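Subject: Handover of a structure and notes on its features

Dear colleague,

Please find below the structure that I am passing on to you. My notes follow it, and I would ask you to read them with the structure open.

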Amino acid sequence: MCQVRDDRLTEISGMVATDDGYVVVNDGADDEARRRIFHLDRRCAVTRTVSYPSRPRDTEDLAIGAGGTIWVADIGDNDRTRETIALWRLAPGADEPVLLRMTYPDRPHDAEALLLDADGRPLIITKGGSGTAVLYAPTTALRPGATTPLASVGQVVLPSSSTSNPFSFLGRGVVTGAASAPDGRRVVLRTYADAFEYDVPAGDVVAALTTGTPRAVPLPDEPQGESITYSRDGRSLLTVSESADQPPGTRPTILRYAVAPATAAAPQPESTTRRNPSAYARAASAAVTTP
């Protein structure tokens with residue numbers, strides 16, 4: 001699709017597609033110039049950056065919610081030592097994101113993938129290993145200034161794969177990114193080697209991931225693929241790799257992979273939500289949404 005030529009963007013770990021282009025974030029937070037949310041045009045040129053009000057720890061993924069709200073998943077924890085993880089919520093046109101803290105119910109986990117369900121509830125997918133990852137969700141609506149407990153809501157077991165990638169068999173069994181289709185009928189998880197796309201019946205993302213059979217889309221030999229999103233029309237998967245440890249001159253390149261449409265039998269999740277809003281949706285609508 002295009003190459004990213006801004007030298008601040010060498011470790012892109014999360015991406016979403018917008019009507020005007022893309023939004024991306026870097027992995028980690030060591031360099032102040034890279035601790036931003038970057039808005040790109042369709043040619044991958046940076047058009048705007050948004051700084052965080054405080055230092056993030058390890059931003060790993062992005063999701064786009066209702067009305068264009070951007071969610072940044074500050075959930076990386078390579079050493080598994082963090083007492084809390086966080087999401088940053090950036091409303092359309094806002095000058096800075098809002099920090100929302102969470103805590104695991106059992107122990108620290110390393111995670112690199114974020115999804116939103118039909119009610120806008122965030123789902124954290126651990127990086128896992130050997131093809132098994134755990135799904136965590138907030139037990140109540142997220143609120144600024146509070147730390148919300150997470151609960152385990154299921155496990156996802158990835159299919160076996162033989163796709164070539166820089167990390168061999170290890171790269172086929174860890175989840176490095178996730179995305180939802182614009183119409184909510186599909187979600188996708190990616191590894192360093194493949195994308196696994198699931199149909200979402202009745203808007204139930206957890207059921208889709210824990211009981212569904214995915215379609216595999218090989219992503220062969222991407223340098224270090226940690227980002228994935230759907231195109232705005234839902235017809236393609238878009239990916240981008242980190243380039244920091246690649247040969248000099250390597251630029252992050254957004255790649256496109258065609259996918260089949262969702263099955264016609266899958267109902268629209270929005271209509272399900274309106275008929276029977278969940279407890280999370282009711283709590284979220286009543287939650288304080290500004291600092």
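How many disulfides does the structure hold? The model, which is a predicted one, holds one disulfide. As a reminder, a disulfide is a covalent bond between the sulfur atoms of two cysteines. Here the bond is formed by cysteine 2 and cysteine 44, whose sulfur atoms are 1.9 Å apart. The two cysteines are 42 residues apart, and the pair links distant parts of the chain. Cysteine 2 belongs to strand E1 (residues 2-3), whereas cysteine 44 sits in the loop between strand E4 (36-41) and strand E5 (46-51). The torsion about the S-S bond of cysteine 2 and cysteine 44 is about 50°, so the disulfide is right-handed.

Are these two cysteines buried or exposed? Cysteine 2 has a relative accessibility of 11%, and because buried means under 20%, cysteine 2 counts as buried. Cysteine 44 is buried as well, with a relative accessible area of 3%.

Turning to the protein as a whole, it has four helices and 20 strands. It has 291 residues, and 52% of them count as buried. The accessible surface comes to about 12700 Å², and carbon and sulfur atoms account for 48% of this surface. Among contacts between residues at least 6 apart in sequence, 52% join residues at least 24 apart.

In soluble globular proteins, nonpolar side chains tend to be buried together. In this model, the largest nonpolar core has 20 residues, and Leu115, Ile125, Leu189, Tyr198 and Leu209 are those with the most contacts inside it. At least two residues of this core come from each of strand E10 (111-116), strand E11 (122-126), strand E12 (132-138), strand E15 (186-190), strand E16 (194-199) and helix H2 (205-211). Which of these elements gives the most to the core? That element is H2, with four residues. Setting aside its neighbours within four places in sequence, leucine 209 is in contact with Leu115, Leu135, Gln155, Val156, Val187, Leu189 and Tyr198. There is also a second, separate core of 18 residues, which includes Ala63, Leu87, Val98 and Leu142.

On the surface, Phe167, Phe169 and Leu170 form a nonpolar patch, and their accessible area together is about 330 Å². Leucine 170 lies in helix H1 (residues 168-171) and counts as exposed, at 56% relative accessibility.

Helix H1 also holds serine 168, a residue with an entry of its own in these notes. Most residues other than glycine have a negative phi. Serine 168, however, has a positive phi, near 55°, and is partly exposed at 36% relative accessibility. Arginine 80 likewise has a positive phi, near 55°. Arginine 80 lies in the loop between strand E7 (70-74) and strand E8 (85-90), and is partly exposed, with a relative accessible area of 46%.

Finally, serine 236 is found in strand E19 (residues 236-241) and is buried, with a relative accessible area of 6%. Apart from neighbours within four places in sequence, the residues in contact with serine 236 are Thr229, Tyr230, Ser231, Arg256, Tyr257, Ala258 and Val259.

Yours sincerely,
A colleague

Notes
Residues are numbered from 1 along each chain as its sequence is written. This is a predicted model: local features need pLDDT of at least 70, side-chain atom pairs count only at pLDDT 80 or more; totals for chains, interfaces and linings use all residues. Side-chain values use heavy atoms; hydrogens and water are left out. A disulfide is a pair of cysteine sulfur atoms within 2.5 Å. Buried means under 20% relative accessible area, exposed over 50%, partly exposed in between (1.4 Å probe, protein chains only). Contact means heavy atoms within 4.5 Å. Accessible areas come from the Shrake-Rupley method with a 1.4 Å probe; for residues, only the protein chains shown count as cover. Patches are made of residues with over 30% relative accessible area and no salt bridge: like charges are joined within 9 Å, nonpolar side chains (Val, Leu, Ile, Met, Phe, Trp, Tyr) within 5 Å. A salt bridge is a side-chain nitrogen of Lys or Arg within 4 Å of a carboxyl oxygen of Asp or Glu. A nonpolar core is a set of buried Ala, Val, Leu, Ile, Met, Phe, Trp, Tyr and Cys residues joined through side-chain atoms within 4.5 Å.
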